Amino acid sequence: MDIRLQEKLDALPTEPGVYLMKDKRGQIIYVGKAINLRSRVRSYFTRTGDTRVFVSMLDTMLGDLETVLVHNEKEALLLENELIKKHKPRFNVLLKDDKQFISLRLDRHQPFPRLEVVRKYEKDGARYFGPYSSAGAIRETLRLINRFFQLRTCTDHVLANRKRPCLLHQIGRCPAPCVFPVSQEDYRKSVDEVAMFLEGKAGELTEGLRMRMKRAASELKFEEAARVRDQLLAIERSLERQKVATSDFKDQDVFAFHREGDRILFYVLHVRQGRLNGGQAFPFGSQEFPDDELLASFVNLYYDQGGFVPEEVLLPLEPGDGTDGLEALLTERKGDRVRVFVPKRGEKHELVNMAVKNAEQAFAERKRTKDETDTVLSRLQSKLGLRNFPRRMECYDISHFQSSSIVASQVAVTDGETDKSRYRKYKIKTVDKQDDFASMYEVITRRLKRGLEDQDLPDLLVIDGGKGQLASAHAAMKDLGVEGVDVVGLAKSRDQEVFDRDAESAKSPERVFVLGRKDPIVLPQNSAEMFMLTRMRDEAHRFAITFQGKSMRKSAMRSALEDIPGVGEGRRKMLLRHFGSLKRVGDASIEELAEVVGPAMAERVHAGLHGDPEDDTEDPVREASLDDASEPGAEKAAHEKADGGSPPGAA
């Protein structure tokens, strides 16, 4: 070991803090926390019989070590969390910030509350229910609630501006508070029942409904009694499907994991009000550090995503520094007492065992899927004669509408699965007319320039098109001196001429063009390799068309503002500065617009963007149909790449 590094190890403090391990290039490869920094860090170099790859390589891999001292373990957990999210170290478990948790939000402060599907929890006084394990589970819950509890489903903007009741009112699923004078007291009863249903309070809810049914029947209100009866039966059937997990009816999250080598999968089992509510699996690779460290780090990151913090957290083993710091941190985030247990017997221990079995099952399924994917990728490499194993693939598509609004898309696949963190959208800068070849050259050039700077190049580029588009991509690679990256072109099937009038029109097969080969390669059309390529191509086309539609709508909206008499550049800037975007200007009510430009001009702006609400003319703000892009004269062909092509949603 380097003498300077050895001196740092000898001088490590015994206080709590965070340590950052760096490689020879100065890149942070691991962030950890400890109550005693000296004891924790030195343990990596003094353990005997530890056969894990990373520990054996640590002496040669480690280039530097930094420490940050804090006052206690809770502060160490917070700092560790921030540093992991900032630096994304190679050997830490990393949770993405988006789309991990799906929950339901009910804001009782509104006069007529509604249920909303949200991804983040906020301290806004609203009630949050969840998280739900899948979009399917939350759709089923919403379907039941919308049918039998009759809460409004429209947005606040629609509620404030609707002139007549919608279809849901006509079929008896909404009282239409947007139009009719609905009693807030009666509506609140439905809101309370929804809350009890989502909390799993079966006894209290069903007893109240049963009493209401009998009362309606005694008052000869048979239609209302029948409706409450149907509601009661549906709720009882739904609650019967939920297995009672514990007898103390608490909210709990149960953590477990399964590990094989450097691959580990964490599983979180959700128990709400004593009933199983689903679970989530989180797989990770290249994890060489001890189980207790990884578990503590994962739990810390998991609850930093803005998710619901339950009353109890159950773990399969004791974290390296104990549970006190984690308890203090979760209690602070929840605003109420949170207990962390490592149960050894009883109901809680059975829940942990159940989570462990789920982790083992999920790991086995993913391992089987990965083995199957590797087989498909290996066959693809062999059949196309690729130099690289195509683990990281990218597909490009160019799209334009009537030779204008030329854009491009880049979609990515890693190990056979879509990798949306590497999606990019591009606006073509150097081409102002329909030229697929020049557009493709620009896109590939921008992508590869960025890849050379960041040392981030894929194994395979898939170009949507034939020989011409492939040649353009290859020219860009040659001009930049990029070697070692495979590139192929994927041409769609097309109609073939049929001489027999009675025969149905025939289509040519999908073809793959490879550099150095005159004729294309025709893979079996129903093979897994062909399916993987066409799925990627179709996703690139969808992504490009969606981006093009947004760009065109934004342009149309800006044009609509410019066409309103009296709205000059100054007022446009005022509106955009106040609302933040063109879309929000279009969504604003007359009252909201009046706060910026005055009542008279607000009515003019609203009428100019939305038209007269009494006539049937088309609303210029309404989203244009993306089907227009497939009409004759609207050829597809655009890709968007980047000097830093912007990630999804950032363009």
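1. Buried means under 20% relative accessible area, exposed over 50%, and partly exposed in between, computed with a 1.4 Å probe on protein chains only. The model is predicted: local features need pLDDT of at least 70, side-chain atom pairs count only at pLDDT 80 or more, and totals for chains, interfaces and linings use all residues. Residues are numbered from 1 along each chain as its sequence is written, and side-chain values use heavy atoms, with hydrogens and water left out.

2. Confidence first. pLDDT is the predictor's confidence in each residue, from 0 to 100. The chain averages 80, and 83% of the residues score at least 70. Strands are DSSP runs (E, at least two residues), numbered from the N terminus.

3. Residues 612-651 have pLDDT below 50, yet this stretch has 111 contacts in the model beyond near neighbours in sequence. A contact means heavy atoms within 4.5 Å. Where pLDDT is low, the predicted coordinates should not be read in detail.

4. Arginine 511 lies in strand β20 (residues 511-514). Arginine 511 is buried but has no salt bridge, that is, a side-chain nitrogen of Lys or Arg within 4 Å of a carboxyl oxygen of Asp or Glu. Glutamate 510, the nearest side chain of opposite charge, is 7.1 Å away. Lys and Arg count as positive, Asp and Glu as negative; His and the chain ends are not counted. A polar atom of the arginine 511 side chain lies 3.2 Å from the backbone oxygen of lysine 492.

5. The structure holds zero disulfides (pairs of cysteine sulfur atoms within 2.5 Å). For cysteine 174, the nearest cysteine sulfur, that of cysteine 166, is 5.5 Å away.

Key:
Helices (H or I, at least four residues) and strands (E, at least two) are DSSP runs, numbered from the N terminus. A polar contact is a pair of N or O atoms within 3.5 Å; within protein, one must be able to donate a hydrogen and the other to accept it, and residues adjacent in sequence count only if both atoms are side-chain atoms.
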